[in-house]
Amino acid sequence: MTATPRFPIFLHGGDYNPDQWLDRPDILERDVELMRQAHVNTVSVGIFSWARLEPEDGVYDFDWLDQVIDRLWQGGVHVALATPSGARPAWMAQKYPEVLRVDEHFRRRHFGERHNHCPSSPVYRRKVHEMNTRLAQRYAKHPAVILWHISNEYGGDCRCELCQNKWREWLQKKYGDLETLNRRWWTSFWSLRYTDWSQIEPPSPMGESSSTSMQVDWRRFSTDQCKDFLIAERDAVKAVCPELPCTTNLMERFWDYDYFSLAEAIDVVSWDAYPAWHSGDDLATAADFAMNHEIMRSLKDQPFLLLESTPSQVNWKPVNKLKRPGMHLLASLQAVAHGSQSVMYFQWRKGRGGSEMFHGAVVDHDGRGDTRVFRDVTQVGEALERLQPIYDLPRAKAEVCVIYDWSNWWAVDFAQTGHNRNMRYFDTVNMHYRSLWEQGVSVDFRDMRACTDLSGYKLVIAPMLFMFRDDFGAKLRAYVENGGTLLTTYHSGIVDGDDLAYLNGVPHDLTDVLGMRQAELDAIYPADEQSLVMLDGRTFRVTELCAVPEHLGAETLASYGHDFYAGVPCLTRNAFGKGTAYYLAAKVEQAGLDAIYREIADRLGLTRALDDKLPSGVVATERGGVVFLQNYSGKPQPVTLTDAYTDLLTGEQAVGTFEMPVNGVMALQKA
C-alpha cells in the first residue's frame, strides 16, 4: 500500500512557509536549490496561510501560491497542500466573533493562537468550505500536488451555545430519553438528576465536573465534533478531486480525541514526533516513540507518514537539547522501521520572528547549506533513497495484540481511586509493549470497538483495561476459550462502557477465565516496600498499584513479598477452554515485566526480528524482510550475528562480531 499514489516514493522534506518570505524572492529561489542538495522531494505548504490567501472577506490571492508551487515543481519538489483552517485571520474574528471558541469557564476567546475555532459555527464551516473548494479547484490537478494536508494538529473543545446544543442533540441520540441518561450517568448521586435536556451543560469547573460518566461522554462527543469538522474539510476537497488522498497530522500521547475514531475520516494516518533524546534514558524514549509509531500504523492497519519531526531541537520543551551525532538518522529510521513512508520536518527554514523562531530547522537563520544539521538531513534523504526497494513491502504479520483504548484512558484518568488522577495509563501500556519491542517481537494495537478481531493473535495483552465497553469482556473470554493466550492486569474489568461499576466481581466476565478475582486495590507510596517474588526466588520491585486478589484455582507463578498480603498470588496462569490466561496483580518494574514476557514469548514460540541475542539497548525491528538494528544504549556495543547480512545503508556485509557505534543504525538484508 502506498500513502501517496501520485508519488510512490519515501517522502523527505517538511513544513515550508514561503508566505513568510514573499518580500525576499532571493530566499525563495535559494530554498529550491538547498532542497535539491538535501535530497528533499516533498514539502507541506499553506498550513497557516489563510491571512495571505484571503486578505479580506471574499477577496482571494492565490498568485503567490501559484508561483511557489510552480517553482517547487520545476525544482523536482512535490507538495502536500494544506487547508489553512488551523488559524484564521484577524478580520474574520473581528467580523464573525462566533468563529472563536468558548472555553471551559464559558468565556469567548479573543483572536490569536492556533485552533481557536468553534467546530459548530456555521460561518466558520462556510468559510472553510469556500477556501478548501477554491484550493482544490485551483491545485488538485497540479502535478506537484500529491496529498491533502487537512488543517494541522486538531485539538481542544468549545462550549459556546452552538456547541452546547450539539452536545444535547448528541446525548438525545445516544440515550433517547432523560430517564435512560439519568440511570446510565448515575445522577441520583448528589441529586444530579436532570428533568429537562436544557439543564445539561458541558462539564466545567464552573458547574458539574464530578460525574465521570458525563466526562467520558464529553470526550466522546468532542471526538465526534472534531471528526465531523474534519469530514466536512475532507469532503470539500474530495468533491473536486476524489482520488487525491487526505491526511491530518496527529500527535504523540494525545488525550483529547479518540484517534481510532478520527482515523476513520482520513485516507492516510500521519503524525508529529518530537522525542526528548539525551534526557537521561534514550532506550526508554525510543520505546515510548516506537509505541507511538506502532499505534499510528495500527489505526488503519497500513503504512503511515511521519509528517513532522525536528532535524535538531525544538523550542517548546523545558530543556531544548540538540541531537547528538547519529541520532537524527537513528530516530528517522526508527519511524521507517515501524511503517512510515516518510521523514518530514518542522521546519524547512527558521522564521525571523514569532514563537517558533528558534525551533529547529533544516536551514538556520544564516541560510547555509554546509551546517552539521543540514548534513544530517542530507544523510537521511540519501538513506531513504537506498531503502526505496522496501517502500511498499509489508512487514511480517504481528502475533501479538495490545489493547489500547481512548475511552478506557479517559475513564482511568477521571476515576478517583488509587493514585488519584495520576494512574499513568499510557506509561503502563508502554512498559508492557517495551518488553516485547526489546525482544524484536512485532505488535499490533487495537481498541475495544465491535470490529476488533482477536482471533489471529497468539497473545493478547490488556494492561489496566479498567473499562470493558461494547461487551469486550465477553470477547476476551471467547478468545481464550478458543485457544488464545491472554495477559491482563490489576484494575481491569471494573466498569462498563457507561463508566458504571460492575456488581458481579471483577475483572468482569473473566474471574473463572483467570482463576482469580480482584478483591481490593492498594495504592502504595514511593517509599513503601513491595515486591513480586518468582517461584525460583527472583524478586522484582512493585510500585504504585497492587490488586489484592482472591485465589480461585489458578496456578501461582509469583507471590507478593511484603505487607499483610505477603504470600498472596501476584502472577498467575490459568487454563480455560483451549487457551491460557495470565493475571498480573501489580505494577512490576520493567525488569520484572521483561522476565515475564521472555517466558511467555518462549512458551508461545513468538517470532523475533533476530534470533541472535543482542546487548542491552540494541533493538531489532523487522519491516519488509529487512531488520533495522538500532543502538539506543548511549555507548558502542558489540553485536554478534550468526547469519550474513548486507547493510542497505552502506552496501557493506555484516556477519560475525562487530561494533555498533553510539546511536548507530543498520538496515540488514540477508545476504
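**Overall picture**

Guide: Happy to! Among the contacts in the chain with a separation of 6 or more, 72% are between residues 24 or more positions apart. Keep in mind that this is a predicted model.

Visitor: How many helices and strands are in the chain?

Guide: The chain has 17 helices and 26 strands.

Visitor: And what radius of gyration does the chain have, next to that of a compact globule?

Guide: The chain has 26 Å, and a compact globule with 671 residues would be near 26 Å, so the two agree. Along the principal axes, the C-alpha atoms fill a box of roughly 75 × 75 × 45 Å. As for burial, 62% of the 671 residues count as buried.

Visitor: Which residues touch the most other members in the largest nonpolar core?

Guide: That core has 186 residues, and Leu 72, Trp 148, Leu 387, Tyr 404 and Leu 532 touch the most other members. Helix α10 (residues 282-300) gives the largest share of this core, nine residues. Apart from it lies another core of 15 residues, including Leu 610, Tyr 645, Ala 654 and Leu 668.

Visitor: What does Leu 387 touch?

Guide: Leaving aside residues up to four places away in sequence, Leu 387 touches Phe 10, Leu 333, Val 336, Phe 628, Leu 648, Leu 649 and Ala 667. In soluble globular proteins, nonpolar side chains tend to be buried together.

Visitor: Last topic, helix α14. How far apart are its end C-alpha atoms?

Guide: They are 20 Å apart, which agrees with the 20 Å that its 14 residues (425-438) should span at 1.5 Å a residue.

Visitor: Where does α14 bend?

Guide: At His 432, by about 25 degrees. His 432 is also buried, as are Met 431 and Tyr 433 among others in α14. In total, twelve of the 14 residues of α14 are buried. Just after α14, Gly 440 has a positive phi of about 80 degrees.

Technical notes
Residues are numbered from 1 along each chain as its sequence is written. This is a predicted model: local features need pLDDT of at least 70, side-chain atom pairs count only at pLDDT 80 or more; totals for chains, interfaces and linings use all residues. Side-chain values use heavy atoms; hydrogens and water are left out. Helices (H or I, at least four residues) and strands (E, at least two) are DSSP runs, numbered from the N terminus. The expected span of a helix is 1.5 Å times one less than its number of residues. The bend at a residue is the angle between axes fitted to the seven residues ending there and the seven starting there. Buried means under 20% relative accessible area, exposed over 50%, partly exposed in between (1.4 Å probe, protein chains only). A nonpolar core is a set of buried Ala, Val, Leu, Ile, Met, Phe, Trp, Tyr and Cys residues joined through side-chain atoms within 4.5 Å. Contact means heavy atoms within 4.5 Å. The radius of gyration is taken over C-alpha atoms; the globule rule is 2.2 Å times the number of residues to the power 0.38.
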